[in-house]
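The exercises below ask you to read a ligand site step by step. Keep the sequence and the structure in view while you work through each solution.

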Amino acid sequence: MNHAQVNIDLKAIAANIKRIKASTGSQILAVVKADAYGHGLVPVANTALASGATWLGVALLEEALTLRKTGIRARIIAWLTPPGDDFDLAIANGIDLSVPSIKILHEIVAAARSLGITPRVHIEVDTGMSRGGFLDEWPDFLREIVALKDELSIVGIWSHFARADEPEELANVEQMKTFAKRVDQLRSVGISPSVIHLSNSAATLVNLNAHHDLVRIGIAMYGLSPDVATLGSSTSLELTPAMHLQAKLHLVKKVPAGSAVGYGGTAVLSKNTKLGVIAMGYADGIPRNTSSEAAVFVHTKSGGKLAPLVGRVSMDQFVVDLGSRSTAQAGDWVDVFGGAGQSVDDWARASGTINYEIVTRIAARVPRIYLR
Ligand SMILES: *Cc1c(COP(=O)(O)O)cnc(C)c1O
């Protein structure tokens with residue numbers, strides 16, 4: 001490796017799943033969309049299944065098919081099913097499909113008829129987020145589904161919380177009530193799915209009444225808090241962050257006071273110092289608007305110290321202030337986040353975003369190294 005690498009601690013992921021499994025009686029669905037939140041789709045999926053998860057969840061059909069191609073036989077749900085998706089391929093590969101609209105219902109039924117296979121579906125209801133799932137079409141859908149139910153294996157009914165990371169928020173109670181009503185309405189037309197699911201990580205951690213038959217855990221599995229401010233840190237939630245980003249100093253040099261650093265000259269050095277240049281930039285997923293509150297950890301014989309970002313992040317590089325007495329040398333590895341360095345949450349705060357975005361945006365050109 002010559003510029004940077006992401007170390008993924010699969011043991012941490014295994015421990016996080018076990019910790020969550022111990023706190024619920026429900027089945028665990030490991031959410032591995034978006035390349036497992038940047039941690040690596042297939043290694044994470046296999047770790048999750050070996051650690052107590054019995055389902056996998058992805059956004060896109062392509063992600064589900066990649067998992068099947070590697071030989072994974074577990075149940076996989078794909079929940080973003082736009083019109084024109086290859087439902088034939090999905091059904092032939094035993095992928096569970098989400099049904100958010102009558103149009104998709106019809107496309108799935110048509111694919112199933114041509115294949116002669118009964119598809120497994122999960123009905124998605126909008127309970128207050130105004131994003132995916134049935135809302136205005138619901139009464140019509142209930143009539144449609146009665147006519148088509150013998151052609152389908154209706155495995156699940158599900159919805160998604162908008163504000164599960166704000167446990168005191170009444171909107172959560174409203175969503176749960178609406179969800180219960182939709183489940184009842186479905187039962188009243190003779191359909192009783194065996195897998196009712198509503199909870200993401202936040203609800204799994206703090207809303208025991210919302211677990212139902214299965215919980216869908218994403219961010220917590222990766223050892224991160226859904227929201228540090230409202231739910232506490234990884235440590236207080238007994239979760240272990242799995243991602244550690246390391247990069248190499250590729251240049252170290254003395255720069256005099258008064259020098260402007262980076263594009264736009266937005267940072268001007270107040271004293272003589274040594275700067276370190278790191279070969280990572282926004283093309284690697286380092287947010288361009290990261291402030292000097294973010295720092296990398298430079299290891300030294302006596303322990304180490306944080307070196308804050310200076311100036312704008314470029315496409316492939318950013319600059320840190322090592323301090324005039326630094327003994328760091330070109331070729332030394334630093335911890336960007338994780339390891340001895342700042343946390344993903346520190347970087348999220350310094351960039352005005354959330355930990356989810358920090359980990360998912362680390363680019364594919366940064367190699368992943370797996371610790372098993
Ligand atoms: C991403 C996602 C999850 C996981 O959310 P976390 O907050 O990461 O636990 C669960 N369900 C659905 C439908 C999702 O899209």
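Predicted model: local features only at pLDDT ≥ 70, side-chain atom pairs only at ≥ 80, totals over all residues.

**Exercise 1: The shell around the ligand**

**Exercise 2: Polar contacts and burial**

Task: examine how far polar side-chain atoms of Lys33, Trp79 and Ser201 lie from oxygen atoms of the ligand, and compare each distance with the 3.5 Å cut-off for a polar contact.

Solution: take Lys33, where a polar side-chain atom is found 2.6 Å from a ligand oxygen atom. For Trp79, the distance from a polar side-chain atom to an oxygen atom of the ligand is 3.2 Å. In Ser201, a side-chain N or O atom lies 2.5 Å from an oxygen atom of the ligand. As a further step, consider the surface of the ligand, which exposes 390 Å² when taken alone, and of which the protein buries 93%.

**Exercise 3: The pocket**

Task: work out where the ligand sits and which residues lie nearest the centre of the largest pocket.

Solution: the ligand sits in the largest pocket, whose volume is about 810 Å³. This pocket is lined by 37 residues, and those nearest its centre are Lys33, Met129, Arg131, His160 and Phe161. Two or more lining residues come from each of helix 2 (33–37), helix 9 (201–206) and strand 9 (214–217), and helix 2 gives the largest share, with 3 residues. Sorted by class, the lining has 20 nonpolar, 10 polar and 7 charged residues.

Technical notes
Residues numbered from 1 in each chain as written. Heavy atoms only, no water. Polar contact = N/O pair within 3.5 Å; in protein donor to acceptor, adjacent residues only side chain to side chain. Areas by Shrake-Rupley, 256 points an atom, 1.4 Å probe, with all protein chains shown as cover. 1 Å grid on protein atoms, 1.4 Å probe; cavity = no way out; pocket = protein on both sides within 12 Å on 5 of 7 lines; lining within 4 Å. Sits in = over half its atoms within 2 Å of the grid points. Points joined across faces, edges and corners; volume = space filled by probe spheres on them. Helix = DSSP H or I, 4+ residues; strand = E, 2+ residues; numbered from the N terminus. Nonpolar A, V, L, I, M, F, W, Y, C, P; charged D, E, K, R; others polar.
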